[in-house]
Amino acid sequence: MAVPRYAIYAVPEGVFYARGAAWLGWDSAAGRDIAQPALAGLSPEVTARPARYGFHATLRAPFVLQDGVSYEDLVTLCKNLGRSLPALSIGPLQLVRLGRFLALIPEPQPEITAFASEIVRRTNDIRKPLSEEEIERRSSDRFGSSDRDYLIRWGYAHVMDRFKLHFTLTDKLGKTQLDTLESAATDWFQSALNDHLAINSLCIMGEEPHSKRFRLLHRISLKG
C-alpha cells in the first residue's frame, strides 16, 4: 500500500489561480483535468511535470508523515502556523527561465525567505526522514556535501538560504520551445506580471494514490 505524501504550498486564488491551472491543465483545487488554452507551443507534454503538483509555489516540499503523526496533527500544526504568520506581500512577478524551464518569480526579498524558512523549521519534526535510497535518488551530480546535508536535515535541498519562491510553468525544454512559450506565457499571465500579489494562506496538498497528482485538501488563512 502506498504511503500518502503531503506538501504545503502557496496556492493563489482568483484570476491568477485560474490562469495558472488552465495553463497546466490540472485544477488541484477541484481535483480535475481542465482544457489548456490554445496558445502557441502549449500542450500537456510540456507541462506534464508541473501539472502533477498543481499551480503553486512550494513552501514545504512533498513528505511522508512521521510514524504516529496523523493528518489531523498536520492540520492542527498548520492552523497554529496560520495564527502566527501574517499574510506576505510578494509584489508583481517576473517571467524567467530557471535553467531549462519557465517560472514566475517575485523580486528576492528577505521576508519571503524568512517566511518559508519558518514553515520548514516548524514542520520538520512531523515528516519521516528520507531513507538512504531516497537521498541517493534525489541527489544530483551537481550536489555538494552541503546540499546533501540540507536534504538529510530538512528533506529538501532548496530551503533556507537557498530558497527561491517560484511558480513552475513548464518541464525542462529546449531553447526553441522556451522561446515560443515565453511569448505565450507573457501574454497569458500579464495581470500577474503587473499586479501586487500576496500569500494569504497555507495550503495542505495530498498526493492522489492512483494518478500521483496533488490536490488541495485544506486551505488555512494567515492571521498573524
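Select Cys78 first: its sulfur lies 9.8 Å from the closest cysteine sulfur, in Cys203, which is too far for a bond. A disulfide is counted when a pair of cysteine sulfur atoms lies within 2.5 Å, and the structure holds zero of them. Cys78 is buried, with a relative accessible area of 0%. (Buried means under 20% relative accessible area, exposed over 50%, and partly exposed in between, with a 1.4 Å probe and protein chains only.)

This is a predicted model, in which local features need pLDDT of at least 70 and side-chain atom pairs count only at pLDDT 80 or more, while totals for chains, interfaces and linings use all residues. Residues are numbered from 1 along each chain as its sequence is written, and side-chain values use heavy atoms, with hydrogens and water left out.

Now display the largest nonpolar core, which has 62 residues; Trp23, Leu59 and Leu104 have the most contacts inside it. Such a core is a set of buried Ala, Val, Leu, Ile, Met, Phe, Trp, Tyr and Cys residues joined through side-chain atoms within 4.5 Å. Colour helix H1 (residues 14-24), which supplies the largest share of this core, six residues. Helices (H or I, at least four residues) and strands (E, at least two) are DSSP runs, numbered from the N terminus.

Centre on Leu59. Leaving aside neighbours within four places in sequence, Leu59 is in contact (heavy atoms within 4.5 Å) with residues including Ile8, Phe115, Ile119, Phe163 and Leu202.

Move to the largest pocket, with a volume of about 1500 Å³. On a 1 Å grid over the protein atoms alone, a pocket is an open set of points where a 1.4 Å probe fits, with protein on both sides within 12 Å along at least five of seven lines; lining residues have an atom within 4 Å of a point. Grid points are joined across faces, edges and corners, and a volume is the space filled by probe spheres set on the points. Of its 36 lining residues, select Arg49, Phe101, Tyr156, His158 and His166, which lie nearest the centre. Among the elements that each supply at least two lining residues are helix H2 (48-53) and strand S4 (57-64).

Finish at the second largest pocket, of about 210 Å³. Val11, Pro12, Glu13, Ala198 and Ile199 are the closest to its centre among 13 lining residues. Strand S9 (residues 197-199) gives the most to this lining, with three residues.
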